[in-house]
Amino acid sequence: MNIEENIRKFQQRLAGTHCKLVAVSKTQPTDALQQAYDAGQRIFGENKAQEMAQKAAVLPQDIEWHMLGHLQTNKVKSIAPFVHTIQSVDSLRLLEEINKQAEKNNRTINGLLQIYIAQEETKFGLSIIEARELLESPTFPTLHNVKITGVMGIATNTDSEGQLQREFKFLKNTFTSFKETYFSNSPEFKEISMGMSSDFELAIAEGSTMIRVGSSIFGARNYLV
Ligand SMILES: *Cc1c(COP(=O)(O)O)cnc(C)c1O
């Protein structure tokens, strides 16, 4: 894998679109991230708080760190000083904790509502009803140190283009509906994070503004290390 070359290919693919690349660097060593950085990549996604904090401590300060994995409330503290966006907001309780830790650090943390779009039982995320409950709760407007900037979804792990397309369309429609109902005066609510190595072209076609790509940049992950 030539990481720099892979980053350049994605830069070319996304040039002139409204879609950004999140380089998903979980399990990858810091020198792999540095290579991507040297090719111009600035947004990195991780799925574990501790791993992200360790990498952030030794890599350049201008990296935009995105949390993609399910986050336990007791882990928020360790990434609150630097994390840019938590893409895996899946409860009001988590959002309250993010707000509390952001406030302690005198900053604002962005969040994406993770919406359940897959036909798989293992995936985390909010149903539409749960997301509406969160947005309509009296607590939500009091959370001044978090900014909800859009939605995120993880599609089913399938080869069926039809199914992927339906799931991406569903997320896009959810975004549009939330935008109209809750965020019509919030220009910062603009992100639809969907699409990974195997399905990013479909996701872009359905309106993705953020693709999350790991193995197509860094190669296969080795979970045994
Ligand atoms: C690992 C991961 C990705 C990247 O997957 P690839 O298939 O390696 O591109 C994207 N999104 C989330 C939430 C992930 O956990």
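## Burial and the aromatic cluster

A residue is called buried when its relative accessible area is under 20%, exposed when that area is over 50%, and partly exposed in between, using a 1.4 Å probe and protein chains only. By this criterion, Phe-175 and Phe-189 are both buried. The structure is a predicted model, in which local features need pLDDT of at least 70 and side-chain atom pairs count only at pLDDT 80 or more, while totals for chains, interfaces and linings use all residues. Residues are numbered from 1 along each chain as its sequence is written, and side-chain values use heavy atoms, with hydrogens and water left out.

Rings of Phe, Tyr and Trp (its six-membered ring) pair if their centres lie within 6.5 Å; planes under 30 degrees apart count as stacked, over 60 as edge-to-face and the rest as tilted. A search of the whole structure finds 5 aromatic pairs. One of them, Phe-175 with Phe-189, is stacked, at 5.0 Å centre to centre and 5° between the planes. Phe-175 belongs to helix α7 (residues 161-182) and Phe-189 to the loop between α7 and β7 (191-193), so this pair ties together parts that are 14 residues apart in sequence. Ring pairs also bring in Phe-183, giving a cluster of Phe-175, Phe-183 and Phe-189. Helices (H or I, at least four residues) and strands (E, at least two) are DSSP runs, numbered from the N terminus.

## Charge over a ring

The charged end of Arg-42 sits over the ring of Tyr-37, at 3.5 Å from its centre. The criterion requires NZ of Lys or CZ of Arg within 6 Å of the ring centre and within 35 degrees of the ring normal.

## Strand β1 and its partners

Of the 5 residues of strand β1 (residues 20-24), 4 are buried, so β1 is largely enclosed by the rest of the structure. Two strands pair if DSSP finds at least two bridges between them. β1 pairs in the parallel sense with strand β8 (residues 210-213) over 4 bridges, and Lys-20 has Met-210 as its bridge partner in β8. Strand β2 (residues 43-46) also runs parallel to β1, joined by 2 bridges; here Ala-23 is partnered by Phe-44.

β1, helix α2 (residues 30-38) and β2 form a right-handed β-α-β unit. A crossover is right-handed if, with the strands pointing away from the viewer, the path from the first strand over the helix to the second runs clockwise.

## Strand β4 and its partners

In strand β4 (residues 85-89), 5 of 5 residues are buried. Strand β3 (residues 64-67) runs parallel to β4 and is joined to it by 2 bridges, with Met-67 partnered by Ile-86. β4 also pairs in the parallel sense with strand β5 (residues 109-115) over 3 bridges, where Thr-85 stands opposite Asn-110. Helix α5 (residues 92-104) carries the chain from β4 to β5 in a right-handed β-α-β crossover.
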